Amino acid sequence: MLKYLLKRVLIALPVILGVTIIMYTMISLMPGDIVDLMVEPNLSQQAKDQRRHELGLDRPVPIQYARWLGRSVQGDLGYSFVNSQPVSKRIGQRVGPTLLLSLTALGIAYLVAIPVGVVSATKQYSVWDYGSSVLALVGVSIPGFFLGIGLIYIFALKLHVLPVSGMRSLGVETTVDLIRHLVMPAVVLSVGTMGAVTRYTRSSMLDVVRQDYIRTARAKGVKERGVVYKHALRNALLPVITLLGLQLPNLLAGAIITESVFNWPGMGRLVIEAISNRDYPVLMGTSLLTAVMVVAGGLLTDVLYSAADPRIRFS
């Protein structure tokens, strides 16, 4: 397993390199000039050119990228153009809240969707099956910002049971307060994943429950609950595990909108701020981190494959 994972990491390195090249090229093509936002409008062109030279923006794009890559390999992601803070420090301050939000949303989605998908498959064409299918379709289709605004209106402005936005109340450092702030953004971020996992689980279970070994287990007198959850579900989880690896980058993308709606101090808001301010080093740092997390999601999927199906071996 260790040898296989090491091989996958070595294969992933060119992928990450390609992602950074594409992102750096796209960022360099963004309209506008960061120097115009950083200096006073009445400064001379000479002063602006001097500032552009200090930032290295007067060099060709390939040279800028090569310099950035050389520093990044050494762990130096550069400094923010806006406040001159190290990019690694800014990302480090935001990655914790985003991981908390994303992992909570992922946990909610899978804890709800897998049982719902199993019941839908075992009660095919029932009212439960049709109802869960409709809800899954709605969950996949509804925009996150629309759902977020709706939840804020109902639970924060009308019922006054949850806070409107933020991660903590001013001057309050309790776990209960954190959970109250986490509920709505985590639910919004989980809804799309929940719908997809429900449909995948139902479809996979319908394929598995028709297999010969399932009929054999029933013929041996195994209780239906044991047939479904011990024999069928474990084999039906493989497509769902594949979806898990694909959902990790989707959660990060969805967090950009969700964090903006709920004013959550995570990576999503950092990306929006960096785009607005044309803060190129921060954009590259977040892009690199996202690429690494996508690769990590693929590796996690492989490990979970082996845990779900002992027949799978890596060499």
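**Reading the fold and its surface**

Guide: A contact means heavy atoms within 4.5 Å, and in the protein chain residues 24 or more positions apart account for 70% of the contacts with a separation of 6 or more. This is a predicted model, in which local features need pLDDT of at least 70, side-chain atom pairs count only at pLDDT 80 or more, and totals for chains, interfaces and linings use all residues. Residues are numbered from 1 along each chain as its sequence is written, and side-chain values use heavy atoms, with hydrogens and water left out.

Visitor: How many helices and strands does the secondary structure of the protein chain come to?

Guide: Helices (H or I, at least four residues) and strands (E, at least two) are DSSP runs numbered from the N terminus, and here there are twelve helices and zero strands.

Visitor: What share of the 315 residues in the protein chain is buried?

Guide: Buried means under 20% relative accessible area, exposed over 50%, and partly exposed in between, with a 1.4 Å probe and protein chains only; buried residues make up 39% of the protein chain.

Visitor: How large is the accessible surface of the protein chain?

Guide: By the Shrake-Rupley method with a 1.4 Å probe, the accessible surface comes to about 17,400 Å², of which 67% belongs to carbon and sulfur atoms.

Visitor: Where does V161 lie, and why does V161 count as partly exposed?

Guide: V161 lies in the loop between α7 (144–158) and α8 (175–208), and V161 counts as partly exposed because its relative accessibility is 43%.
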